[in-house]
Amino acid sequence: MQALVVTPGEPHSVRVAEHPVEAAESAVLVRTLEVGVCGTDREISEGIFGVAPGDERALVLGHELLGVVERDGHGFSRGDLVTATVRRSCRRCVACEEGAPDSCLTGDYSERGITRLHGFARELVAEDPAQLVPIPRALGRLGVVAEPASICARALRHARAIGNRQPWRAERALVIGAGAIGMLVTYLLRLEGLDVWTAALDPPGSPRARLVEASGARYVASRETPLEDLRDEVGGFDLVVEAAGDAQVMAATLGLLRRSGVACLLGIDPRERTVELDGPTIGLDAVLENRVLFGSVNAHREDWVAAVDGLARARERWPEALERFVTLRVPLDRFGEAFEHRGVKATLVLGETGGAR
Ligand code: BGC
């Protein structure tokens, strides 16, 4: 069958190639409908990330799955829409043993389409039923953003847990970055009723700005309005989420918080450099105002369930806006366009949902 493969470590080696169909006795056979492309896929394609399974040289890409069950079995019926978790247990740490590989303590986990495990960008996948997450039919093709939404759901769950270690109420949030992660966090926070400001580089009135505003959040063009000015104007934020992937911006989030504020880092910035942070911001304000800065990666199964539920509620509330989340859909052989795409989300389409939207 056809698959999108890469030779990890070799820049620009992404290609469509033949890949064997796996045996599926104890697994559920899933036909891939659509696979999302994200920054991690781009890093793998540039040769700076990714590990092939065992002693193989190639890795099948794709960790954002929307698929359809091919045969009845293991509690699933033919035609069910599903997605699947990305990270799998290292089998030897307390977090993985407790079913929380998102908090793995050894780093020896595997991840579909990223590290030591083939991904979903192929026609058929034999998947462990325990790793499948049902997608309601009403969600249809929007199910393809369940994976990035699960990353957001975990980040917000952790931010709440950290904030709630002391009496706290999250009222004002700043989201920095309006790619898929920033946009999904914006919508999830609006569902919870927070006042949200979402900042990105695009000018006011751009499609990205309009998509932010459709949720009732305020769009901030950060080239025009420095975030420090915004902080002074609104009086600081209870929650700041960095989804732009800039280490300097990440450091500065600590200075955008108000008392008991929580800053969460979701972007990735591997560039070797030194970033700056005002001495009193960390040495005084962070201490005297009980502020926290933390990072979050991957998602627990409970976050996947929350993400799917959040997406379904968001779709009900803002149906027209949610249709605009995926800004490019192309077939597998046009993967180059998806990797180049700079809109909110690009996906690779491998099959039809058969009735689902
Ligand atoms: C994925 C996560 C994964 C992380 C690190 C992200 O793009 O969404 O599931 O844990 O990359 O590999």
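These legends describe close-up views of a predicted model.

**View 1. The second largest pocket of the predicted model.**
The second largest pocket holds about 310 Å³ of space. Its lining comprises 17 residues. Nearest the centre of this pocket lie Arg-87, Arg-88, Ser-89, Pro-101 and Gln-131. By class, the lining splits into five nonpolar, seven polar and five charged residues.

**View 2. Helix α3 packed on helix α9.**
Helix α3 covers residues 146–163, and helix α9 covers residues 301–317. Their axes lie 8 Å apart, at an angle of about 110°. Angles of 65 to 115 degrees count as roughly perpendicular, so α3 and α9 are roughly perpendicular to each other. The crossing of α3 past α9 is right-handed. From α3, the contact uses Ala-146, Glu-147, Ala-149, Ser-150, Ala-153, Arg-154 and Arg-157. From α9, Glu-302, Asp-303, Trp-304, Ala-306, Ala-307, Val-308 and Leu-311 take part. The class count for the contact of α3 with α9 is eight nonpolar, one polar and five charged.

**View 3. Helix α3 packed on helix α4.**
Helix α4 spans residues 180–191. The angle between α3 and α4 is about 55°, and their axes are 9 Å apart. That angle makes α3 oblique to α4. Here too α3 makes a right-handed crossing, this time past α4. On the α3 side, the contact is made by Pro-148, Ala-149, Ile-151, Cys-152, Ala-153 and Leu-156. On the α4 side are Ile-181, Leu-184, Val-185, Leu-188 and Leu-189. The contact of α3 with α4 contains 11 nonpolar residues, no polar and no charged.

**View 4. Helix α4 crossing helix α9.**
The axes of α4 and α9 come within 10 Å. They cross at roughly 80°. The two helices, α4 and α9, are therefore roughly perpendicular to each other. Leu-184, Leu-188, Arg-190 and Leu-191 supply the α4 side of the contact. Gly-310, Leu-311, Arg-313, Ala-314 and Arg-317 supply the α9 side. By class, the contact of α4 with α9 has five nonpolar residues, one polar and three charged.

Notes
Residues numbered from 1 in each chain as written. Predicted model: local features only at pLDDT ≥ 70, side-chain atom pairs only at ≥ 80, totals over all residues. Heavy atoms only, no water. 1 Å grid on protein atoms, 1.4 Å probe; cavity = no way out; pocket = protein on both sides within 12 Å on 5 of 7 lines; lining within 4 Å. Points joined across faces, edges and corners; volume = space filled by probe spheres on them. Nonpolar A, V, L, I, M, F, W, Y, C, P; charged D, E, K, R; others polar. Axes fitted to C-alpha atoms, helices over the stretch in contact; angles between N-to-C directions. Helix = DSSP H or I, 4+ residues; strand = E, 2+ residues; numbered from the N terminus. Parallel < 35°, antiparallel > 145°, perpendicular 65-115°, else oblique. Left-handed = near helix turned anticlockwise from the far one by under 90°. Contact = heavy atoms within 4.5 Å.
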